[in-house]
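Subject: Structure handover

Hello,

Here is the structure I promised to pass on. Please open it first, then read the notes below it.

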Amino acid sequence: MVHLPPARYYASLPRHIGAAGAILHDERGRVLLVEPAYGDGHWEIPGGAMDHGEYPWDTARREIEEELGLALFPGRLLVVDWVPPQPDGRPALTNHLFDGGALTEAEARARIRLDAGELTAWRLAAPAEWDALMAPHMARRLRACAEALTGNTTAYLHHGVPPHP
């Protein structure tokens with residue numbers, strides 16, 4: 001076996017993207033979703049890509065402030081979802097979702113300031129709406145987040161689905 005110098009070995013390893021977001025929810029079980037200004041028309045969980053060297057928790061905090069104008073400190077980790085490389089060339093993604101806390105509709109109306117370059121709208125969506133609004137893997141991911149919130153657990157997913165042995 002030939003041992004590579006560390007820099008060459010690290011350069012040979014696979015690459016993936018890291019992302020993080022926060023689940024903001026109300027007392028009725030609705031979750032705050034955002035409509036991106038780009039994309040395929042599906043609504044998403046607020047959050048985004050990690051900057052180089054950034055921790056996922058810091059990413060969630062930064063993205064919520066940038067996208068929604070809300071300064072918050074995310075709570076516990078709800079879900080880690082591993083998404084494999086996609087046919088369109090996107091590399092693998094590790095997404096970390098944290099509890100963003102409770103937010104009433106009145107509070108959301110008064111406090112949310114959308115980043116117009118990234119988002120066109122927000123809404124508090126009930127679980128019955130998620131499948132129609134979101135891409136299938138995102139709706140599955142959000143359901144796991146809701147279960148983790150109510151069950152005081154953390155979930156690990158493969159593209160929105162718990163792995164099966």
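This is a predicted model: local features need pLDDT of at least 70, side-chain atom pairs count only at pLDDT 80 or more; totals for chains, interfaces and linings use all residues.

Residues are numbered from 1 along each chain as its sequence is written, and side-chain values use heavy atoms, with hydrogens and water left out.

Helix α2

Helices (H or I, at least four residues) and strands (E, at least two) are DSSP runs, numbered from the N terminus. Helix α2 covers residues 56-68. The expected span of a helix is 1.5 Å times one less than its number of residues. For the 13 residues of α2 that gives 18 Å, and the end C-alpha atoms are 18 Å apart, so the two agree.

Buried means under 20% relative accessible area, exposed over 50%, and partly exposed in between (1.4 Å probe, protein chains only). The buried residues of α2 are Pro56, Thr59, Ala60, Arg62, Glu63, Ile64, Glu67 and Leu68. Their cover includes strands β1 (16-25), β2 (31-36), β3 (47-49), β5 (92-102) and β6 (119-125), and helix α3 (105-111). Just after α2 comes Gly69, with a positive phi of about 75°.

Arg62 sits in α2. It counts as buried because its relative accessibility is 15%. A polar contact is a pair of N or O atoms within 3.5 Å; within protein, one must be able to donate a hydrogen and the other to accept it, and residues adjacent in sequence count only if both atoms are side-chain atoms. A polar atom of the Arg62 side chain lies 3.0 Å from the backbone oxygen of Ala49. The side chains of Arg62 and Asp51 make a polar contact of 3.5 Å. Contact in general means heavy atoms within 4.5 Å. Leaving out residues up to four places away in sequence, Arg62 touches Ala49, Met50, Asp51 and Glu54.

Arg30 is in the loop between β1 and β2. Its relative accessibility is 11%, so Arg30 counts as buried. Its side chain has a polar contact of 2.6 Å with that of Asp26, and one of 3.1 Å with that of Glu105. Beyond its neighbours within four places in sequence, Arg30 is in contact with Leu24, His25, Glu105, Leu124, Ala125 and Ala126.

The largest pocket

On a 1 Å grid over the protein atoms alone, a pocket is an open set of points where a 1.4 Å probe fits, with protein on both sides within 12 Å along at least five of seven lines; lining residues have an atom within 4 Å of a point. The largest pocket is lined by 35 residues, and Glu44, Arg90, Leu93, Asn95 and Met138 lie nearest its centre. Elements giving two or more residues to this lining are β1, β2, β3, α2, β5 and α5 (136-151). The largest share, four residues, comes from β1.

Backbone points

Most residues other than glycine have a negative phi. Asn152 is not a glycine, yet has a positive phi of about 55°. It lies in the loop between α5 and β7 (155-158), and counts as exposed because its relative accessibility is 59%. His159 also has a positive phi, near 55°. It is in the segment after β7. At 21% relative accessibility, His159 counts as partly exposed.

Best wishes
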